[in-house]
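Keep the structure open as you read.

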Amino acid sequence: MVVISDILVQGVQMLLVLLLAPLLTGFVRKIKARLLRRRGASVFQPYRDLLRLLRKEVVLADNASWLFRVTPYITFAAIWVAAALVPTFATGLLFNWTADLIAIVALLGSARFFLALAGMDVGTSFGGIGSSREVMIAALAEPAMLLIVFCMALVAGSTQLSTVANFLASSYVGLRVSLGMALIALIMVALAENARIPVDNPATHLELTMVHEAMVLEYSGRHLAMIEFGAFLQLLLYISLIACVFVPWKIALFGTGPLAYAIGAGAYIVKLAVAGFLLALFETATAKMRVFRIPQFLGAALMLGLLGTLLLFVSRSF
Amino acid sequence: MAALIDLMLKGHKVQQHGPWPRVVVDAQQWEFAAGELQQGRWGLLGLWGEPSTVHMAIMDPFATEILVVSLDCPDRRYPSVGRHHPPALRLERAVNDLFGLSAQGLPDTRPWLDHDRWGVRFPSGDRINGPSQAMPYRFLPAEGSGLHQIAVGPVHAGIIEPGHFRFTASGETVVRLEQRLGYTHKGVEQLMIGASLERAVQLAGRVSGDSTVAYAYAFSKAAEAALELGAPDRAVWLRALLAELERLANHLGDIGAICNDASFALMHAHCSVLRESVLRASGSAFGHRLMRDIIVPGGVIGDLDDAGTEIIQAMADNIRLRFPALVELYDNTASLQDRTVDTGVLKPALTRQYAAGGYIGRASGRSFDARRALAYPPYDSLSFEVPVLSEGDVNARVWIRIREVEQGLSLIDQILNRLPEGRLMTPAGDRSEAREGMAIVEGFRGDVLVWLRLRDGRIERCHMRDPSWFQWPLLEAVVENNIVADFPLCNKSFNCSYSGHDL
């Protein structure tokens, strides 16, 4: 009976992220449009886009290999599983115990690995440019991400996200310099990993400046729908990650019952909205950086993560 | 040092060519002129063909003397200018495509406008039926280890005009950029032949949508020069008002679009609002947002009433109020400055060699502005500054536009305050003999040149040279050693015309 309810709650969580992810992207787009004094498309537009893409036929290049065809499903599955591992409205769900933060990083890394390979598969110049840029960013973002994980693990004593969230939600933590550094570093990594301004521009039409978009330029139809959906999910995942670690307020503890879950879900949606608003605000107020500046940007994230980790070795109270 | 006057005295002066002289020269003097161009003593304003003649407009950069030299070439051959003076290369390739006049010694004999899609060779010359060439277009080679090619266009992801760009890159660094243009060739000059003045000025206004006023203005001035016709005072001032409104709208649009290419959408949104306000005011005052088909030979059709004056005045006041905040936003956004400063530097020497006009020339130390250098009315009695910078980067090209917006607002004020009353049109008399005229007008991109010959009130030959002819090649030079991802920014800061160039 307990197992069944566990599976049920976990299932609800997985469906919830699936349902909320396009809405979050639609919300960010809407806010950005309003900040630019445009009316903007409805917040539900991403759902319609996904539906439209799913109905459309797939146009494949003649020389596309099996890898090109399976990559959209692999990346989507990997990101969805990763999203299922992050506590959203409640900690300690069934899957939370099966894998830790390092596994999440690895899942996202393998999704990107396949996408980068697929970008080069057809042999167009844009795919190659996109893949090479994406891998350059990833090569810098992943070490930074791992250092952030270590920093949090040193504070909470575990790489298990549920444990970390539970610990940080408790009153033992207080204000910590190392956590502040980890938060800034994590935001920087999240911007880079989600192809947001200032690293990449998700709304550009300029082929030559694209990173993520250039890599998936050859995709169409349901394949593109899967990749887009994966990108929506990834944004949700990172925001959930930041929320559950740094603002774990009102997050439901495992087994506290439906009411606590409902409160947790409400708080979660509020957190998503606030984060989406801040993201839109930040993206409107800054220009995209030069491609060769990205290493410096992510290098700063790496250094912050490293500094936070080292500070914890000096004293556990930082 | 030879002056243009010497060349003029050696040649045979053509009657009925105004306002500057045209002389027919022999091959030796043609070569002499090419040599002087190579030495950088004169600037090339244009080179165009007729079925068995080539013409070249030359400018003396100091005295701003202008001269058209013509060379008859009954055997369809003439000595190449491009061999000595690279700015003429593409013009000579275009002359060959359209008229079949081949430049002897031209280092680059590939077609330019002719994409082998017309079904006829030399459409303005001998009209030989059949496909033009069997050979595919060869791009210039760039060899070396680790180099790869990136082909962009002609169809782009954004809604812009078509043009093909072939990059050779080493990783992210551009080693060579080669342009391939001509996709929007419409044969406007061919359509002009035999057209009445009314139809011809409409055609001129459709060469390039964003410069419709500048083209109609230049065409009308050239036609008036040929017919020795003077536009009435009020028309002269209204024309300047139209030209300044067009410049204002385009500069505002450009400033925003350049920032948008650095993914700074905020500037784009605000500048678009201002640009739209200019277009709406123009639409209310003159009945057409882009002010098309208002300037005609002899004057203008469409007057400005008091309501229109008020609308334009209110628009200008509104921009004067809101624009400084945008300039401050541009200047104070560090992430944006990081993209524009030192990106795509155009060296002043190249600008001088190509006699590049407009914001591109003025951002790289070349102060030429036809409104000032030629001082055609009413600009001779208006006070304005010609902003010049020497940095030559994207930032400088933005700043030139910002300064010109400010100057444009002041000019609009002056024109509205001093707009004389009176007639709008001078009727054109009947002129049956051949008469030739030429005009240079400062459009928002730079100097638009129109040369034409009228006979029996109809166009016998009309050539329109867009400023982009001397700006496109510079873009190739500017992008070298920049990174691939910065090309859109450089390109937008140039904002060359495809349509005006391809004609």
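**A guided reading**

Start in chain B, at Q16(B), which sits in the loop between β1 (12–13) and β2 (17–18). Q16(B) is not a glycine, yet its phi is positive, at about 60°. Most residues other than glycine have a negative phi, and most peptide bonds are trans.

Two peptide bonds also deserve a look. In chain A, I197(A) and P198(A) are joined by a cis peptide bond with omega about 10°. P198(A) belongs to the loop that lies between α7 (177–193) and α8 (212–215) of chain A. In chain B, the bond from P377(B) to P378(B) is cis too, with omega near 5°. There the loop between α13 (370–373) and α14 of chain B holds P378(B).

How far can such details be trusted? This is a predicted model. Its scores are ipTM 0.88 and pTM 0.91. Chain A has an average pLDDT of 90, and 100% of its residues score at least 70. Chain B has a mean pLDDT of 90, with 99% of its residues at 70 or more. Where pLDDT is low, the predicted coordinates should not be read in detail.

Now return to β2 of chain B. This strand is part of an open sheet of four strands, ordered β2-β16-β17-β18 (chain B), with mixed pairing. β2 and β18 (458–465) of chain B are the edge strands; each has a single partner strand, so one side of each lacks a neighbour in the sheet. β2(B) runs parallel to strand β16 (residues 435–442) of chain B, and two bridges join them. One pairing to find is G18(B), whose bridge partner in β16(B) is G437(B). Helix α6(B) packs on this sheet and touches β2, β16, β17 (447–455) and β18 of chain B. The direction of α6(B) makes about 145° with that of β16(B).

Follow α6(B) to its helical neighbour. The axes of α6 (residues 212–227) and α7 (residues 233–261) of chain B come within 8 Å and cross at roughly 150°. α6(B) and α7(B) are therefore roughly antiparallel to each other. The crossing is left-handed. From α6(B), V213(B), A214(B) and Y217(B) meet R239(B), L242(B), A243(B) and E246(B) of α7(B). By class, this contact has five nonpolar and two charged residues, and no polar ones.

Chain B also holds an open sheet of three strands, in the order β11-β12-β13, with antiparallel pairing. The edges are β11 (147–152) and β13 (173–180) of chain B, each with a single partner strand, so one side of each has no neighbour in the sheet. From one strand to the next, the twist averages 20°. Six bridges pair β11(B) with strand β12 (residues 164–170) of chain B in the antiparallel sense. Among the residues involved, I150(B) has F167(B) in β12(B) as its bridge partner.

Finally, turn to where the chains meet. Which numbers of residues are in contact between chain A and chain B? They are 22 residues of chain A and 26 residues of chain B. On the side of chain A that touches chain B, 10 residues are nonpolar, seven are polar and five are charged.

Definitions and conventions: Residues numbered from 1 in each chain as written. Chains lettered and ligands numbered in written order. Predicted model: local features only at pLDDT ≥ 70, side-chain atom pairs only at ≥ 80, totals over all residues. Pairing = 2+ DSSP bridges. Axes fitted to C-alpha atoms, helices over the stretch in contact; angles between N-to-C directions. Contact = placed C-beta atoms within 7 Å. Nonpolar A, V, L, I, M, F, W, Y, C, P; charged D, E, K, R; others polar. Parallel < 35°, antiparallel > 145°, perpendicular 65-115°, else oblique. Left-handed = near helix turned anticlockwise from the far one by under 90°. pLDDT = per-residue confidence, 0-100.
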